[in-house]
Amino acid sequence: MSNPDYTMQPSDIRGSEALGQLALDLRWSWNHSADRLWQRLDPELWELTHNPWLILQTVSQAKLQEAVSDSTVQQLLEDLLRHQREAITSPAWFQLEHPEAKLSAVAYFSMEFMLSEALPIYSGGLGHVAGDQLKAASDLGVPVIGVGLLYQQGYFRQEIDPEGRQRALYPFNDPGQLPITPVREANGEWLRIRMELPGFRMWVRAWQARVGRTKLYLLDTNDPANLPAHRGITSELYGGGPDLRLKQELVLGIGGWRLLRALELEPDVCHLNEGHAAFAILERARAWMADHKQPFEVALAATRAGNLFTTHTPVEAGFDRFAPDLMENYLQGYAEQGLGMPLQTLLGLGRQNPGDRSEPFNMAFLAVRGSGRINGVSRLHGEVSRGIFQPLFPRWPRQEVPITHVTNGVHMPSWDSAEADDIWTAACGKDRWMGSHGSLEGDLRKVSDAELWQLRAQARRTLVEYTRGRVALQLASEGAPAEEIAAAARIFDPNTLTLGFARRFAPYKRPTLLLHDSERLLRILTNPRQPVQLVVAGKAHPQDSLGQAMIQQWFQFLRRPEARSHVVFLADYDMQLTERLVQGVDLWLNTPRQPWEACGTSGMKVLVNGGLNFSELDGWWAEAYSPEVGWALGDGHEHGDDAAWDAAEADRLYSLLEQEIVPQFYACDERGIPARWVGRIRESMARLAPAFSTNRTVVQYAEEHYLPAAAAFRERSSQGGKAAVDLLAWTRELDRHWSAIRFGSLRVERQNDQFVFTVPVYLDELNPDSVRVELYADRADAPFRQPMERGDLLVGSTRGYLYSARVPASRPADEYTPRIIPYKAEAVVPLEAHQILWQR
């Protein structure tokens, strides 16, 4: 039973409090120095759950007393506590590299966080990114605070029957067994946030999880004082319909920012991990309004500078949208009383056409309009996102839509095996992921072929043993005959090339591309001289019938007697299973439709363990791939759901396996080492693991986004928000006069090897310093932009000027076009002023 006080069971045993301190710090999820301690207390429960807090809830007092009385355990406990203190208090990368930085905190909002299987509040990629970045922020000392939701059920658990039919299960997340504690006020009372829903007051409870230096705050509505319907708002992740999703996002965004205020935390930066949390933009502005006694427009101008929106969605249809009447039901009072604006003004922030009352409210559009910085999660996804959001910036070239990219990474210490950790530590030191990459690449290249191949051989053996045990458990749960369960101990061979394919089963991920020609696949798998074995895993959303049908296709293939010893499907793909797979497989497969994989991080996790990638040229692999580090599918272009293209890619997949990948794995020298394969391992580990770690990602966020955003927010908020007031006055001046400005006739002359462009510009009553007149030309890498010089006032005109520019005559003159855009040194254009006028 769980402890209703959400603390350890009472104990007078010396050392029990220290154990609780260690168990409640999720740093153990990537620092494994305490593993043997938890394993000693309850080996079976540790193997099943990897949840130290649960072990402390269930272990007997006698066993606890016995353990802490052991002098070896006492010394280990003392060492662990000392290391924990040092990890939390010692200066880290951020403090050493930016000692004068003015960054109070970054509030990182996300619908899900994947930190450990002990805290199952995640679904997949989005949660993985959030969890790994929170861990890296702790390692690097970047002051990040996580804000999310505590789900009573989380995402579903998967069972699959012998026919391949998926069954979704929703076990209850008992807070007393999770490594979290209630957030309490100074008087010991549980901190609860008040929110208003139509006709009712609702209380939102606050929890906290410690993640090394950082904290993750979680909100939940399962308060006995709430109506039953409200208690279920945080029931499950990505469940229910639009009404439930809207209420969850209101709790996350509005409730989350109110929680930070209640804790007297004043983050300079609000980082939105996807648009689910975009209501935090409104609540942050409302709080600023109250502090500075300014209207909403000024508050948004001030706070926008400190907001960062990271979009993960590769298609416009993927954004959350809510019907106008649903928004009216839940937000009319908030708009009018909290923000001092009509509801339609608020709804306009989430519409492409603010005046269209029938258009649904798009959370991503709110995030764009309320943020001073926007990024995609890979270079290719940045390009795709500029296309998706281009309608918000009419007449602006796609290249200039204000979206950059920060490619995701993975938290390498969370995904490496013990053996891989030993190799990296010997070559690069134990603090290799704690700051600058330094000499990682060169140091890792010094590892011998024999050491790398021994790493892979041990990893494969470990995965084979794990797979056999997991398959036996699956068969037993299905009621399979004893002889079939016993046969599971003989499946797979630790000396055979092992492939992994594990991800969400959705049509765009093409999880059945390998089955396109099942006979050919079977010949590859069962080649007697060069056999191959394959581990498949993945969930389909409970409402995705196509994804579930794809799982059934795999099970139909698995029923073939020839396939049974070469392919397994492991049910209930979760974080623990992911760890086993990425540590053990030789080759990771990924076959999404380009460009639907915004980034994809599953293949990054194999890098640190010496696994190789064979993937579509999409997401991160489009940046990472070269022939020395793995294999690629595709031509880097979009082909939609063209069946002929799928067939061609399937053929290419089989051909590469048959002609290059499998033979290279088995081409061993006299020592039994496949030199070319190991060469790829070395290059992949040395070159890609540092580049695609969250170490690099969080450093990039800190230096390119957090620090500049914090400085911009402080500037706009200083002197009562004077800079924000000035910015608003500038945008209003643009709105009043833009329709009246115009170009005169363009004149182009060639003078030697230059073109001279001159054009009259009439600005009506607009201050000429409020705009910039430029000469523009398209270019493949980046557009050509050259400011034109303003001459004297034209005779007889009202703010009419002759603008001129000289450019090299290296391209035709008609490729250049003058244009007028808003200009203010402190403004982010076109995010904060999207007007543009072309001369033609």
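1. **The model as a whole.** Please keep in mind that this is a predicted model. The chain has 29 helices and 29 strands. Its radius of gyration is 29 Å, close to the 28 Å that the globule rule gives for 840 residues, so the chain is as compact as a globular protein of that length. Along the principal axes, the C-alpha atoms fill a box of roughly 100 × 70 × 50 Å.

2. Of the 840 residues in the chain, 58% are buried. If you take the contacts between residues at least 6 apart in sequence, 73% of them join residues at least 24 apart.

3. **The second largest pocket.** The volume of the pocket is about 880 Å³. Sorted by class, its lining holds 16 nonpolar, seven polar and six charged residues.

4. **Helices around the pocket.** Four helices each supply at least two residues of the lining: H12 (296-304), H14 (343-348), H15 (363-369) and H29 (722-737). As you look around the pocket, these are handy landmarks.

5. **A closer look at H12.** Is this helix mostly enclosed or open? Eight of the nine residues of H12 are buried, so the helix is largely enclosed by the rest of the structure. The buried ones are Phe 296, Val 298, Ala 299, Leu 300, Ala 301, Ala 302, Thr 303 and Arg 304. The partners that the buried residues of H12 pack against are helix H11 (279-292), strand E10 (307-310), H15, helix H28 (694-717) and H29. Two of these partners, H15 and H29, also contribute to the pocket lining.

6. **Gln 166, a polar side chain to visit.** You will find Gln 166 in strand E4, which covers residues 166-169. Is Gln 166 buried or exposed? Its relative accessibility is 14%, and because buried means under 20%, Gln 166 counts as buried. The side chain of Gln 166 makes a polar contact of 2.8 Å with the side chain of Gln 158. Leaving aside neighbours within four places in sequence, Gln 166 is in contact with Phe 156, Gln 158, Glu 159 and Ile 160, and also with Lys 539, Ala 540, His 541, Pro 542, Gln 548 and Ile 551.

Methods. Residues are numbered from 1 along each chain as its sequence is written. This is a predicted model: local features need pLDDT of at least 70, side-chain atom pairs count only at pLDDT 80 or more; totals for chains, interfaces and linings use all residues. Side-chain values use heavy atoms; hydrogens and water are left out. Buried means under 20% relative accessible area, exposed over 50%, partly exposed in between (1.4 Å probe, protein chains only). A polar contact is a pair of N or O atoms within 3.5 Å; within protein, one must be able to donate a hydrogen and the other to accept it, and residues adjacent in sequence count only if both atoms are side-chain atoms. Contact means heavy atoms within 4.5 Å. On a 1 Å grid over the protein atoms alone, a cavity is a set of points where a 1.4 Å probe fits but cannot get out, and a pocket is an open set with protein on both sides within 12 Å along at least five of seven lines; lining residues have an atom within 4 Å of a point. Grid points are joined across faces, edges and corners, and a volume is the space filled by probe spheres set on the points. Ala, Val, Leu, Ile, Met, Phe, Trp, Tyr, Cys and Pro count as nonpolar, Asp, Glu, Lys and Arg as charged, and the others, Gly among them, as polar. The radius of gyration is taken over C-alpha atoms; the globule rule is 2.2 Å times the number of residues to the power 0.38.
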